[in-house]
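Me: I'd like to learn how to read a few local features off a model like this one. Can we take them one at a time?

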Amino acid sequence: MTEIDLEQENKAIAREYKELLRISYQTLTEEDKKLIRKAFDVAVDAHKDQRRKSGEAYIFHPIAVAKIVASEIGLGATSIAAALMHDVVEDTDITIEDIEKMFNPKIAQIVDGLTKIAKVKTDQEISMQAENFRKMLLTLNDDVRVILIKIADRLHNMQTMESMADYKQAKIASETLYIYAPLAHRLGLYNIKTQLEDLGLKYTEPEVYQDIVSKMKETKEEQEAYIKSISDVLKNSLDEEGIDYTMKGRPKSIYSIRRKMLVQGVTFDEVYDKFALRIIYRSKPQEEKFLAWKIYSIVTDHYRPSPSRLRDWISSPKSTGYEALHITVMGPKGRWVEIQVRSERMDEIAEKGYAAHYKYKQGATEENGLDVWLNQLREALENAETNAVDFVEDFKLNLYSKEIYIFTPKGEIKSLPKGATSLDFAFSIHSEIGMHTRGTRVNGKLVPLNHVLNSGDQVEIITSQNQKPTASWLDYVTTSRARNKIKSVLNESTKKIAEDGKELLTRKLKHLKITLNETTVNELVNYFKLQTSLDLFYRVGAGLIDNQQLKDFAAQKNNTLINFFKNKIKRSPNVAPEQLHRNEIIKNYDLLVFGKEQEKLDYKLSSCCNPIPGDDVFGFITINEGIKVHRKDCPNAISLQSNYAYRIIPAKWIDSSQEEFKAILKITGMDTLGLTNELTKVISNQMHVNIQSIALSGEAGIFNGQVTVIVQNNTILKKLIDNIKKIDGIDKVTRVHKN
């Protein structure tokens with residue numbers, strides 16, 4: 001480059017720097033300005049020999065990112081300084097320790113977070129990609145400003161992607177739509193979200209993007225004239241009322257028009273509300289709500305509103321902090337038009353998102369304001385057990401989910417994602433309440449725990465100290481908070497049963513003159529063909545290994561001669577292990593496997609015979625519902641096997657001692673006094689059996705009953721049936737196929 005060019009470039013850099021200070025949303029003190037100047041000097045020096053793909057000096061990029069951070073996101077000096085230096089550690093010899101010495105630990109921590117994100121390689125397969133996003137989301141725990149600056153960095157990269165290779169553009173744009181746009185949305189940065197979505201579309205579907213852009217240009221004049229005709233009418237009335245306001249027509253984003261076309265299956269011309277009218281009013285804090293509804297009444301005096309499309313986010317702000325009144329009215333020519341009403345304060349919060357919050361909170365600083373807001377995001381990040389793809393998908397669901405507003409019995413309001421159930425609501429109040437939920441009332445009516453809530457419902461939770469979560473609860477909840485809590489409790493209860501089992505086993509073996517030590521445990525695990533000692537203790541605690549089986553083990557253990565030979569056989573690799581002549585006592589059940597290869601496939605248990613683990617079963621490949629599993633003695637089995645032999649697939653159970661299944665028992669007998677009482681007592685006292693429903697009737701001395709129980713497997717069910725048969729007066733106990 002010539003000297004003149006360099007001089008021009010240096011002048012341009014100086015201009016950009018002045019602009020950065022001028023457009024800062026926060027008021028910068030002299031100290032702040034010194035801090036930013038120092039960071040600027042470090043960045044200019046560090047990047048002095050670097051150029052971007054477009055050929056311009058690299059330093060323009062960090063300055064542009066800092067400008068987005070300062071004006072569009074509205075953060076303060078700490079963040080502006082960190083944004084200026086966000087690539088310094090990655091690209092030069094300067095270390096995090098150097099930055100900490102030159103500045104302060106906070107700035108060093110933010111730059112470190114940004115460097116960690118940058119270091120992750122991004123052109124590997126999706127699971128690796130998801131892992132990167134997860135790492136990035138987890139930096140929220142350190143400091144949310146890392147993410148905010150990262151979003152600014154991404155926005156500037158998207159704005160300047162012209163000179164990149166096509167495949168890189170497509171990749172970066174997809175990533176933007178996949179994670180950065182939803183994040184910006186969740187952080188309340190609606191302006192940035194819109195830019196990211198539009199730019200994302202521009203590079204992922206260029207033809208579609210260009211098509212919409214050109215059509216919008218064609219209809220721009222006509223649309224503007226249409227919006228003007230409405231705004232002129234409203235202006236007269238607003239002026240008469242002496243309201244201080246500004247009004248602007250705003251085209252809908254290209255991305256949202258595209259989404260409407262896809263979702264509603266309409267053409268560009270059929271998307272009516274391509275423009276929205278925004279009324280921004282000035283008001284004293286105490287008059288904000290009153291004025292919003294006053295403007296609402298003026299608007300609806302002139303145009304008929306659609307009651308189903310009124311959105312009142314002033315009374316119940318979104319969890320991102322967004323407040324506004326959205327009214328959809330029928331304008332001239334039979335077209336729907338959206339009118340957004342918000343105060344200047346609400347408008348700032350909508351544009352700047354999070355940063356505007358603490359500007360309006362008295363005495364709040366950037367530091368503590370961030371903390372309050374951060375807590376809302378932490379929950380999505382609490383559970384590190386899930387795999388990365390699920391984690392990111394789950395996080396995205398929580399980002400994008402529409403919200404519903406639920407009232408507590410005292411009238412307090414809680415927001416939950418759309419689709420949340422009454423059990424989700426219990427966990428959202430407190431995990432202790434969630435875990436002890438016995439029942440729920442919605443609007444005064446008793447409902448099941450998986451009842452899906454609607455906005456405006458009033459929910460009361462009925463708790464009991466004796467209530468504990470069961471595995472089926474995982475099907476009743478949709479929020480990650482509830483799911484994670486239930487999982488951790490279920491794991492604990494497994495451990496608790498195992499602990500009880502260990503004590504029980506110690507006592508039982510003592511009777512058999514055997515000491516429970518590591519060797520015995522290993523022998524028992526092998527004897528019962530289990531995987532771990534936890535499996536062994538769990539099965540003893542759950543009543544799956546009984547006294548007779550332990551006596552058999554003791555007899556075999558005491559017969560040292562047999563043991564000696566057995567060990568000999570085990571050591572010799574060519575001799576097959578001795579086959580046990582009796583049935584394998586512990587069915588190693590956990591799931592169904594199919595075919596010779598024992599594959600794990602998706603399946604449904606058929607309702608005509610309700611199979612449970614331990615039953616002899618087969619799979620039947622249906623046309624619409626995938627594999628249906630039937631018991632071999634199912635009433636339909638013969639017809640299926642003879643007519644559709646080619647669609648039958650062998651199936652067998654492996655290890656489900658921790659699953660739960662439904663079985664229906666039909667009981668008949670003589671209706672003697674106290675029989676019902678005795679029956680319920682026997683079922684309730686049976687370990688690990690829950691009664692789901694019970695229907696008993698007596699007629700002319702004959703007793704008929706149908707009991708639906710939840711059991712873990714066949715062994716437990718057989719034991720239950722035996723115990724019921726022992727009750728005085730019971731004649732028959734049979735298992736019913738049909739519900």
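Me: Let's start with C609. Is it buried or exposed?
Reply: This is a predicted model, so every value here is computed from it. You go by relative accessibility, and under 20% is called buried. C609 comes out at 0%, so it is buried.

Me: Which cysteine sulfur is closest to that of C609, and how far away is it?
Reply: For a disulfide, you want two cysteine sulfur atoms within 2.5 Å. The closest one to C609 is in C634, at 3.8 Å, so that is too far for a bond.

Me: How many disulfides does the search count, then?
Reply: Zero, by that rule. C608 is in no disulfide either: its nearest cysteine sulfur, also that of C634, sits 3.6 Å away. C608 is buried too, with a relative accessible area of 15%.

Me: Where does K333 lie, and is it buried or exposed?
Reply: K333 is in the loop between β5 (325-330) and β6 (336-343). Its phi is positive as well, about 60°, and again it is not a glycine. At 65% relative accessibility, K333 counts as exposed.

Me: Now rings. How many aromatic pairs are there?
Reply: The idea is to check the distance between ring centres, then the angle between planes, where over 60 degrees reads as edge-to-face. The whole structure gives seven pairs. One of them is W313 with Y322, edge-to-face at 5.8 Å centre to centre and 70° between the planes. W313 is buried at 16%, and Y322 is buried at 7%. Another edge-to-face pair is Y527 with F553, at 5.4 Å and 65°. That pair links distant parts of the chain, with Y527 in helix α23 (residues 518-527) and F553 in helix α25 (residues 547-558), 26 residues apart.

Me: Which charged residue lies over the face of Y17?
Reply: Here you look for a charged group above the ring. R37 lies over the face of Y17, 4.8 Å from the ring centre. R309 does likewise over W336, at 5.4 Å.

Me: Last one: how many residues of helix α4 are buried?
Reply: For a helix, you count its buried residues. In α4 (residues 77-84) it's eight of the eight, so the helix is largely enclosed by the rest of the structure.

Notes:
Residues numbered from 1 in each chain as written. Predicted model: local features only at pLDDT ≥ 70, side-chain atom pairs only at ≥ 80, totals over all residues. Heavy atoms only, no water. Helix = DSSP H or I, 4+ residues; strand = E, 2+ residues; numbered from the N terminus. Buried < 20%, exposed > 50% of the residue type's maximum accessible area, 1.4 Å probe, protein only. Phe/Tyr/Trp six-rings, centres within 6.5 Å; stacked < 30°, edge-to-face > 60°. Lys NZ or Arg CZ within 6 Å of the ring centre and 35° of its normal.
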